[in-house]
Amino acid sequence: MTRPIYADTLLKTASNLAGVKAGAGRPALADLRRATSTAYYALFHQITRHGAYNFLPNASEEVAAEISRWYSHTGILRSAQLVIKAQSNASLKSIGKDDRSAVMALREASQGHGIPSKLIVVADSFQSLQNARHRADYDSIYDPFRPVTLSHVADATAAVKASWWLWRSKELVQVKRSAAHATYSCFLSLAMMKSGGPKGR
Amino acid sequence: MDRSEELNERVSTWVDSAELPIQPKRIELSTFEDALGQDGWQVTITLPHPIGSTWDQEALFKTRRAISNELDRITAELDAGLPGSTLVNATTDEALDDETALEDTPPTETEEL
């Protein structure tokens with residue numbers, strides 16, 4: 001039986017570990033570390049799930065789960081970096097030749113409306129949460145402050161909501177929403193390509 | 001003054017005069033290696049204690065993006081760009097005791113690892 005990994009469920013776990021409703025009392029260091037890590041994974045799984053259905057819209061849950069595994073953390077990071085480059089004012093000429101055509105594709109997908117602000121939320125949050133997750137999981141010098149951990153959970157929640165908005169935009173006829181979905185779809189495709197494409201396990 | 005100090009000073013000066021949604025108390029610039037093994041610029045912004053349990057997400061996001069975009073603009077101008085991501089991390093030096101995790105203690109000899 002296939003059991004999908006839902007971002008919302010992971011976000012609830014992250015919130016609980018970070019102590020969103022905690023009263024007085026010092027948090028446990030391990031709880032804060034796991035909260036940051038879980039918040040990152042909520043966004044990671046949301047992107048890979050959307051990526052699977054972007055690749056194969058009529059996929060069964062079982063096949064979608066398999067396709068999700070084609071994505072790598074570094075592949076999505078590369079695609080997120082391309083989104084940040086595409087939203088900058090940098091001319092195509094000033095962008096390294098390895099990234100130029102991908103940036104051009106993202107800008108083209110936005111159909112003159114600019115890179116959607118919600119995609120910038122997804123890309124920026126992915127970059128910063130991945131870095132925070134590395135510090136939380138591996139770094140002995142980790143900021144053990146609840147407000148900082150809660151900000152990671154808030155960032156992941158906002159990014160997951162933004163990704164839903166982008167995903168649902170495909171069902172809408174408004175030109176700007178349709179362009180937003182096309183740009184998100186381009187981001188998901190680039191992430192799959194940067195992950196190396198289909199792979200066996 | 002090395003390149004990192006010059007950048008830190010330029011970004012600090014900009015942050016001091018910019019109207020940001022959340023005003024950092026100070027910033028610190030460093031480099032880091034991202035998951036792709038690429039070096040990138042990293043700015044740690046030290047913020048005042050939030051009103052409530054954490055900072056307003058949208059305000060913090062806009063603050064981080066504004067600083068990141070300005071740093072990218074300055075590094076492009078000085079030809080000091082790095083291949084990796086530019087990151088802005090928020091922290092605070094005003095966390096209360098109740099918000100600060102207890103340090104983990106090593107297991108005793110009688111506990112299983």
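Begin by selecting α6 of chain A together with α2 and β3 of chain B: each supplies at least two residues of the lining of the second largest cavity. The model on display is predicted. To see the whole lining of this second largest cavity, select Asp124(A), Gln127(A) and Ser128(A) in one chain, then Arg64(B), Arg65(B), Ser68(B), Thr86(B), Leu87(B) and Val88(B) in the other. Sorted by class, these lining residues are two nonpolar, four polar and three charged. The space inside the second largest cavity is about 30 Å³.

**The largest cavity**

The structure holds two cavities of 30 Å³ or more. For the largest cavity, select Ser151(A), His152(A), Asp155(A), Asn89(B) and Ala90(B), which lie nearest its centre among the 13 residues of the lining. Elements giving two or more residues to that lining are α6 (117-138) and α7 of chain A, along with α2 and β3 (87-92) of chain B. The largest cavity contains about 120 Å³ of space, and its lining is made up of six nonpolar, four polar and three charged residues.

**The largest pocket**

Next, select Lys85(A), Ser88(A), Ala90(A), Asp72(B) and Leu82(B). Of the 31 residues that line the largest pocket, these five lie nearest its centre. Which element gives the largest share of the lining of the largest pocket? Colour α2(B) to find it: six residues come from this helix. The volume of the largest pocket is about 860 Å³. Its lining divides into eight nonpolar, 15 polar and eight charged residues.

**Helices α2 and α7 of chain A**

Two packed helices are described by the angle between their axes and the distance between the axes. Select residues 29-55 of chain A for helix α2 and residues 146-168 of chain A for helix α7; their axes come within 8 Å and cross at roughly 10°. Angles under 35 degrees count as roughly parallel, and α2(A) is therefore roughly parallel to α7(A).

Now display the side chains in this contact. From α2(A), the residues are Leu32(A), Ala35(A), Thr36(A), Ala39(A), Ala42(A), Leu43(A), Gln46(A), His50(A), Tyr53(A) and Asn54(A). They meet Arg146(A), Thr149(A), His152(A), Val153(A), Ala156(A), Ala159(A), Val160(A), Ser163(A), Trp164(A) and Trp167(A) in α7(A). By class, this contact has 12 nonpolar residues, seven polar and one charged.

**Helix α8 of chain A**

On the α2(A) side, select Ile47(A), His50(A), Gly51(A), Asn54(A) and Phe55(A); they meet Tyr184(A), Ser185(A), Phe187(A), Leu188(A), Ser189(A) and Met192(A) in α8(A). The contact has six nonpolar and five polar residues, and no charged ones. His50(A) and Asn54(A) also belong to the contact of α2(A) with α7(A).

Finally, follow α8(A) along residues 175-194. Its 20 residues should span 28 Å at 1.5 Å a residue, which agrees with the 28 Å between its end C-alpha atoms. Select Gly196(A), which follows α8(A) and has a positive phi, near 105°.

Conventions:
Residues numbered from 1 in each chain as written. Chains lettered and ligands numbered in written order. Predicted model: local features only at pLDDT ≥ 70, side-chain atom pairs only at ≥ 80, totals over all residues. Heavy atoms only, no water. Axes fitted to C-alpha atoms, helices over the stretch in contact; angles between N-to-C directions. Helix = DSSP H or I, 4+ residues; strand = E, 2+ residues; numbered from the N terminus. Parallel < 35°, antiparallel > 145°, perpendicular 65-115°, else oblique. Contact = heavy atoms within 4.5 Å. Nonpolar A, V, L, I, M, F, W, Y, C, P; charged D, E, K, R; others polar. Expected span 1.5 Å × (residues − 1). 1 Å grid on protein atoms, 1.4 Å probe; cavity = no way out; pocket = protein on both sides within 12 Å on 5 of 7 lines; lining within 4 Å. Points joined across faces, edges and corners; volume = space filled by probe spheres on them.
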